[in-house]
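Here's a quick briefing on the fold that follows. Have a look at the structure, then read on for the sheet, the helices and the aromatic pairs.

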Amino acid sequence: MTTPEGRTKHLLKKFLDAQGVYYFMPVQTGYGRSSVDFLCCDKGIFFAIETKRPGVNKPTARQSLVMEEMRKAGAQTYVVTLDERDNLVWCKQCDTSGSK
């Protein structure tokens, strides 16, 4: 039995594989920098994804800070969850600080 977030990850991996997207899922060990669930590259575009269980579409405070750092470096960042029919729902994360 998988967790609700695990189901999101499973379906997202299937989608990324079908699209030919390179992705890496870092294992957090307490050493080095924090990250999010998926680090991806597609046709030269780097993007990062944090997956959430169905019904949750916001990152934690720590995840928000990590995603903000990634955006400052030029990445696109997303939270991906599932709707009631197990469709992937992509929520693009944008800077909210007012600075560019």
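Two strands pair if DSSP finds at least two bridges between them. By that rule, β4 and β5 pair in the antiparallel sense over 6 bridges. Keep in mind that this is a predicted model: local features need pLDDT of at least 70, side-chain atom pairs count only at pLDDT 80 or more, and totals for chains, interfaces and linings use all residues. Residues are numbered from 1 along each chain as its sequence is written, and side-chain values use heavy atoms, with hydrogens and water left out.

**Sheet**

- Helices (H or I, at least four residues) and strands (E, at least two) are DSSP runs, numbered from the N terminus.
- There are 5 strands in an open sheet, ordered β1-β2-β3-β4-β5, and the pairing is mixed.
- β1 and β5 are the edge strands, each pairing on one side only.
- From one strand to the next, the twist averages 30°; axes here are lines fitted to C-alpha atoms, for helices over the stretch in contact, and angles run from 0 to 180 degrees between N-to-C directions.
- Thr81 has Val89 in β5 as its bridge partner.

**Helices**

- The 16 residues of α1 should span 22 Å at 1.5 Å a residue, and the end C-alpha atoms agree, being 23 Å apart; the expected span is 1.5 Å times one less than the number of residues.
- Gly6, Thr8, Leu11, Leu12 and Leu16 are the buried residues of α1, where buried means under 20% relative accessible area, exposed over 50% and partly exposed in between (1.4 Å probe, protein chains only).
- Those buried residues pack against β1, β2, β3 (45-51), β4 (76-82) and β5, with contact meaning heavy atoms within 4.5 Å.
- Helix α2 (residues 61-72) lies across β2, β3, β4 and β5, and runs at about 140° to β4.

**Aromatic pairs**

- The structure holds 4 aromatic pairs; rings of Phe, Tyr and Trp (its six-membered ring) pair if their centres lie within 6.5 Å, and planes under 30 degrees apart count as stacked, over 60 as edge-to-face and the rest as tilted.
- Phe15 and Trp90 make an edge-to-face pair, because their ring centres are 5.9 Å apart and their planes sit at 65°.
- Phe15 is in helix α1 (residues 4-19) and Trp90 in strand β5 (residues 88-93), so this pair ties together parts 75 residues apart in sequence.
- Phe15 is partly exposed at 34% relative accessible area, and Trp90 is partly exposed at 33%.
- Tyr23 and Phe38 form a tilted pair, with ring centres 5.6 Å apart and planes at 55°.
- That pair links Tyr23 in strand β1 (residues 22-24) to Phe38 in strand β2 (residues 38-42), 15 residues apart.
- Phe38 is buried, at 0% relative accessibility.
- One aromatic cluster is made up of Phe15, Phe47, Tyr78 and Trp90.

**Around Thr51**

- Thr51 sits in strand β3 and is buried at 0% relative accessibility.
- Its side chain makes a polar contact of 2.7 Å with that of Asp37; such a contact is a pair of N or O atoms within 3.5 Å, where within protein one must be able to donate a hydrogen and the other to accept it, and residues adjacent in sequence count only if both atoms are side-chain atoms.
- Leaving out residues up to four places away in sequence, Thr51 touches residues including Glu5, Leu12, Phe38 and Val80.

**Positive phi**

- Most residues other than glycine have a negative phi.
- Lys43, not a glycine, has a positive phi of about 55°; Lys43 is in the loop between β2 and β3 and is exposed at 75%.
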